[in-house]
Structure formats: C-alpha cells, structure tokens
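Try each one yourself before reading the solution.

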Amino acid sequence: MQPKALRLLAGLLSLILFGACTASEEPDPLACDPDALAAALTQSLRARDSAGFEENFARSSSGQRLARQLFDNLTELNDVAVSVQPGGDKLKVTWSVDGSEHPSAHTIAPKLVNVGGRTLIMDLLDAENPPIWIYGRITVSNTKVGTLIASERVSDAQAKIWVARMAAAVVAIKKVKMGDLNAAWNQKLVVELPRDTREYQRLVNMDPAISSAATECEEGAVRIVVNPASLDVPDQVGEALMLHEAVHASTSSPCLDTGALWASEGLAEWVTTTAYKSVATSNRSIAETFIARHGMPESLPTDASFAGDKDDVAAAYALSQLAVQVAVDELGEEEALVMIGKLSRDKDALDAEQLSELTAWYLAELKKLAK
Ligand SMILES: [Zn+2]
C-alpha cells in the first residue's frame, strides 16, 4: 500500500474510533463541547479528583500521560479555573500561586476529539504564550518571600539557592525609597526556573543568548523567569541578577512601564548597585570602554540602544545606571527615584528644563569617564 493510502486509512480509522469534532451551529452528535470540557476540568481540579480529571483526556498512553502531568502540576497551583476562549477552540486557564498579587491567565490550544458524545483532549498544540506547567513536571515552593516554580530538572539544592536569592532581593528592595512606584507590591516574588534554554525562549520570547532572566507580565500578574543557562552562575552574579529582576517585579515594570526604557532599566540596575558594589564598578568600566570606542553620547540612552549586539546592550544598561546615579547624587534618593519612576511610566513626564538639567548632569558624569 502507498504511504498516502495508509495515512488515509489511518485517518478514516480515527474517525470511526473517535469521531473527530465538527464545528456546527446545528445540534450535532459529533460536535465538540469545549464548555462542558472546561467545566469538568475545573470541577475535578477543585475536588482534587485525579480519576475525574483523567476522564477528560483520550485513553491513549500519550493522552493519559498528559492528563497525569497536568493534574500533578495544576493541583500545585491555586484557584485554577478553565474556561473557553471566544472562538471555542482554545481554553483559558487562570491560576495563581501564594506569591501572586494577581492571577495569571494563559491560553492553551488542545486537540479535541469526540468520543461517545464526550469531548476529550488528545494533545496540546503549540500555544503562543505558554505557561511553564505544560512542558513537564514542576515543583512549587511557597516561601515567605514568594513562590519558586521549578522544572523537574532543577535540584533541591539549586532551588534552595534561588529562594535565598529571592529573599536577599526582597530585603535589598525594602531598603530603597521607591515611594509610590512599588507601594502596591506585596513584597513577594514569583520566580520560574524552566528546563532548558528552548523552553526559556518559549516562555519569555527573548533570545536566550543575550538574556539571563526576564520579568514578564501576564494580564497583571508578574513573574521572573531565569534562563537555565544562568542556573549555576556564581553567587554574586545570581544575586545581582535576581535583584535587578525583582526591582522590575516590585514596580510591576513589565505591566506598567510605557516610558523611557533607560529609566526602568537604570532604576533596576541602580538598586542592584546599592547591594552589590561590584556591579557599580563593572558598569563604570563598561561605560568607559563604550565611550572609548564610540565617543561621548549626546543624550540619555535611547530605547534603540537596548537592541544592539551584546556589548551595546551591556553598555545601555551601564549608562542607564549612571544616569540614575547622577540624579540620586544631585537630588537625593527620594526625589531622584520619584523622577526616574515617572519617566519609566511616561517618556514625557518631565518638562524640557528638567530633562535638559538631567541630561547635563549625565553628560558631565560621562565626561569624567572619557580619557
Ligand atoms: Zn531589566
């Protein structure tokens, strides 16, 4: 038999065995009923009923494996609810963890079949913005400083180290006067440690070659995702990385910052220097090298300067931190951070006079670094 004919036969067989779902306005015994499926999933999760949950998946070994993985993962989360997205072929899963300020919402794309009038999940298709729990088993650790969600590839020892870094970051942020900027923060972090760089890329949609960690916004819920390539970095590097991201998380930066990128990144980097002097030293030397190579900048860092090659991006962070530093030196911490905070939310928050004053302080500081 030709392969094509074989495939056709296989397709016919699956139709006979499962009854593929049809989309129909009329009452149709072969139509899928995603609403009933969503309700059954939510209800069985709330009841922690694993058998009831598994009944919503195809009997195939892959279907049942998926069911067990999702049940184990989702019962580690809080307030999980499944609903149907408009259009009917995708499900929305809302969930939270103890450290969350707001529930997260993710869309998953199940491959559905109708078996004997019941809608079952055969498989999950690629989702645009996937949650960490669709990939493999996760472990959720709830602590006083927030929640760590780690893939099964993260050891207990590694998880412990990252929880300690979360705690150090929370302590460091509490010492900084950020005023209204993080007044609504619950003083907790939600951190994810995915399995590999590919998964990291899927979760944060960033190039894992240039991004060590990212802070993401999910409909108001903020989470920090660490690149697995950074899982075993030296302690101080890991602590500084966590603190930088924790500043973004505490200010809801990925949800609210629509202003100047240098202000958001400079603030995160500047707070990091308050706890780790080595970051300030290394940023000064990065800025020196940049000026030696490219000459004196003429303005504060632009958004575009964060999108160059690895060295340019490192320079953009270093220069942004220096810009915040000069503002703090000139105005004092409280007043400077109010101003930087406003700029991080709105590019046009300052009048022309304030902006030219800030630019002048910044360029005068950079002049000292030029040789
Ligand atoms: Zn950042």
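**Exercise 1.** Which residue in strand 7 does I149 stand opposite? Then work out how the neighbouring strands pair.

*Solution.* Some ground rules before we start. Residues are numbered from 1 along each chain as its sequence is written. The model is predicted, with local features needing pLDDT of at least 70 and side-chain atom pairs counting only at pLDDT 80 or more, while totals for chains, interfaces and linings use all residues.

Step 1: I149 stands opposite E192 in strand 7. Helices (H or I, at least four residues) and strands (E, at least two) are DSSP runs, numbered from the N terminus.

Step 2: strand 6 and strand 7 (residues 189-193) are parallel and share five bridges; two strands pair if DSSP finds at least two bridges between them.

Step 3: on to strand 5 (residues 138-143), which runs antiparallel to strand 6 with six bridges. Two residues sit between these strands, and the pair forms a hairpin. T139 has A150 in strand 6 as its bridge partner.

Step 4: five of the six residues of strand 6 (residues 146-151) are buried, so the strand is largely enclosed by the rest of the structure. Buried means 20 or more other C-beta atoms within 10 Å of the residue's own, with C-beta atoms placed from the backbone.

**Exercise 2.** Find the strand order in the open sheet of four strands, and say which strands stand at its edges.

*Solution.* Step 1: the order is 1-2-3-4, with antiparallel pairing.

Step 1: strand 1 (78-84) and strand 4 (118-125) are at the edges; each has a single partner strand, so one side of each lacks a neighbour in the sheet.

Step 2: from one strand to the next, the twist averages 35°.

Step 3: look inside the sheet, where strand 2 (residues 91-96) and strand 3 (residues 104-115) run antiparallel, joined by five bridges. L91 stands opposite I108 in strand 3.

**Exercise 3.** Describe how helix 10 (residues 277-294) and helix 11 (residues 310-331) cross.

*Solution.* Step 1: their axes come within 8 Å and cross at roughly 115°. Axes are lines fitted to C-alpha atoms, for helices over the stretch in contact, and angles run from 0 to 180 degrees between N-to-C directions.

Step 1: that makes helix 10 roughly perpendicular to helix 11 (65 to 115 degrees).

Step 2: N283, I286, A287 and F290 in helix 10 meet A314, A315, A318, L319, Q321 and L322 in helix 11, where contact means C-beta atoms, placed from the backbone, within 7 Å.

How values were computed:
Parallel < 35°, antiparallel > 145°, perpendicular 65-115°, else oblique. Contact = placed C-beta atoms within 7 Å. Buried ≥ 20, exposed ≤ 12 C-beta atoms within 10 Å, placed from the backbone.
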